[in-house]
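Please read the points with the model open.

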Amino acid sequence: MAYQCGLFHESYKQDERLYQTWWVRGWLIFLLVFLVSVPIWGQAVGSALNTNLINLFVIIFIYIIGAHGLNLLTGFTGQISLGHGAFMGVGAYTAGILAVRYHLPFYVTLPAAGLVTAAVGMVFGTPSLRLKGLYLAIATMAAQFILDYAMRNWDSLTGGSSGLNVPFAAIGKFEFNTDTRFYYLALVMVILFTWITTNIVRTRPGRAFVAIRDRYLAAEVIGVNLFYYRIMSFGISSFYVGIAGGMWAYYITIISDEHFTMWLSVQYLAMCIIGGLGHVKGAIFGAIFMVALPELLRIPSEMLSGVYPNMFEIFGTLQQGVFGFIIMLFLIFEPDGLAARWLTIRSYFKLWPFSY
Amino acid sequence: MPDAAVKFIQLFVTGLVTGSVYALVALGFVLIYKSTSIINFAQGEFVLVGAYICLFLVQAGIPFIPAFALTMGASVLLGLGVERGVLRPMIGEPIISVIMVTIGLAFFLKSTISLIWGTQIRVFPPIFSQEPIHFGQVIVSEVYIYTFIFAVLFLGIFAAFFKFSRIGIAMRAVANDQMTAQSMGIPVKIVFAVSWCIAAMVSGVGGILIGNINGINITLADFGLKVFPAVILGGLDSILGAIIGGLVVGVLENLMGGYLDQYFGGGVKEVAPFFVLLVILMIKPYGLFGIEEIERV
């Protein structure tokens, strides 16, 4: 035992462990310490970089939750959804309306947001029984437009284009009204949902999802109930993205329909693809990439704003164009995403200098 | 004639005109799907590119007919470039990647265009007159009639092209069975490229026609999304289906918009086709003329 190089599992229990080696556990603790300490140094570093670092982290966390959801659906079950932007909106509006009209605390509205979104997602996911691939993409795109329309035009419920003002999340008298406070709330949520995702993936539903993705006919033959698991996947996925929407509502405190467009759905898909479909880490890498990129784009565009005064007006457009371009580049040159790249880099260092 | 009937006919005729342009764009969409099995989410952006290039040329002082021909040339180049640069490397990748790459392309094209031309509405110098023509009590503007005629003309040209020309027959062969076609000596790569070129061309024509009616701005790209209900109704791989689907969706959205707007606070026209789409997917997923995929283990 003493001189083994590599992982040699001697029992199934060992193989199924969440932390395969004590190294993994050590790195995770290190990461946790790092994340907990962000608010302490974030302010200073952020202002040095001319950005609000804590705010960025919170947004990354919210996107990670949503991206985990879509990754479960698209990466693990192989069902494409172009409606997750609107589903996030459903979550945000559910949380917002319950908080504003019925004055419910956030620890009630947030699960409610998840459940309502899960229900909506399951309704729009029912075509997945008959439809695959292309057809499903189109069906969920229709869902996106229909929900988007409802959010914009159902004034009595959503407040229409004027938006909905949401109070801060609060437990008793304690309000999450600063970036730092919300940061810790979001951190807890993101750890919780990453943990849940990891566990879904390695238990029965997760394996059923992967079986459906890889060859659904074979999966059905060996006893995976296709309808049940596909709808379940849609439900869980929408639950995640609904929670993300609820968190978004409490963080931004103003919900308007403008945020939950087709563009957001595409961004979510791009997060999963850039990060790596079918890797739990993929959603995390993808969300970080998606939030970091506009920040990186901002620096050259600020420099250019001296030359082109209307740089800021076209920034949004430019961003979409660059995103579109990067998505294309990724798909052509790195179709497995950042998570796969991460694995290659890691195994390079692990095996160095004997990489054969 | 009673007012209700006039309103109905009015809406129907307007819908038919819009629908004929949908049919044209849907034709391009189906063509790509048929020969390459790729769903092109950037179809609307092809419409946009065609419309803006033609506008640019016309504003530069080139008369309409040469400008139109040049736009067709530019569309061919666009189609070739996209096929070669973006889709060719994606052969053999999973469906989701291919879908995503066309979405990426869509956003890239759209933002490039709005960086060059801005987002405000631009109007074509009038080529067809807006003069209203009275058919009894129904009023139709002349430009609508020309649009319809042109759309039908182009549909006819392309339909004849598939039916009779050598490359058209090759395209149908590839759509039918790629491997057999290849073994019979049909250059599949050229067929792919031609499909993309024609798709870009018909979309360009659609863009110019619709731009003549409404003026163009960046939201014209949403026009491309309307082809989805049309092709789903007709069946993704049927050219006849695309034409009929386009017309039906155009008429339906106008009727639903005309009658239901008052109850839903406007904008029904934009969303109604997608309701139709979902309903069709539920009851007849392969559309009216599509080939049903039967899977056997």
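Which residues of helix 9 of chain A are buried? Two remarks on conventions come before the points. This is a predicted model, in which local features need pLDDT of at least 70, side-chain atom pairs count only at pLDDT 80 or more, and totals for chains, interfaces and linings use all residues. Residues are numbered from 1 along each chain as its sequence is written, chains are lettered from A and ligands numbered from 1 in the order in which they are written, and side-chain values use heavy atoms, with hydrogens and water left out.

1. Helix 9 spans residues 204–214, and its buried residues are Pro205(A), Gly206(A), Ala208(A), Phe209(A) and Ile212(A). Buried means under 20% relative accessible area, exposed over 50%, partly exposed in between (1.4 Å probe, protein chains only). Helices are DSSP runs (H or I, at least four residues), strands likewise (E, at least two), numbered from the N terminus.

2. The face turned away from the buried side carries exposed Arg204(A), Arg207(A) and Asp214(A).

3. **Aromatic pairs.** How many aromatic pairs does the structure hold over all chains? The count is 35. Rings of Phe, Tyr and Trp (its six-membered ring) pair if their centres lie within 6.5 Å; planes under 30 degrees apart count as stacked, over 60 as edge-to-face and the rest as tilted. Phe29(B) and Phe228(B) are an edge-to-face pair, at 5.2 Å centre to centre and 75° between the planes. This pair links distant parts of the chain: Phe29(B) is in helix 1 (residues 3–36) of chain B and Phe228(B) in helix 10 (residues 227–234) of chain B, 199 residues apart. Phe29(B) and Phe228(B) are both buried.

4. **A pair within one helix.** Phe64(B) and Phe68(B) form a tilted pair, because their ring centres are 6.0 Å apart and their planes stand at 45°. Both lie in helix 3 (residues 64–87) of chain B, 4 residues apart, about one turn of the helix. An α-helix has 3.6 residues a turn, so residues three or four places apart point the same way. Phe68(B) counts as buried, at 17% relative accessibility.

5. **Ala26(B).** Ala26(B) is in helix 1 of chain B. Its relative accessibility is 0%, so Ala26(B) counts as buried. Leaving aside neighbours within four places in sequence, Ala26(B) is in contact (heavy atoms within 4.5 Å) with Val227(B), Ala230(B), Val231(B) and Ala242(B). The C-alpha atoms of Ala26(B) and Pro229(B) are separated by 9.5 Å, while the two residues are 203 residues apart along the chain.

6. **Positive phi.** Most residues other than glycine have a negative phi. Phi of His103(A) is near 50°. His103(A) lies in the loop between helix 4 (84–102) and helix 5 (106–125) of chain A, and is exposed at 65% relative accessible area. Phi of Thr253(A) is near 65°. Thr253(A) is in the loop between helix 11 and strand 4 (254–255) of chain A, and counts as buried at 18% relative accessibility.
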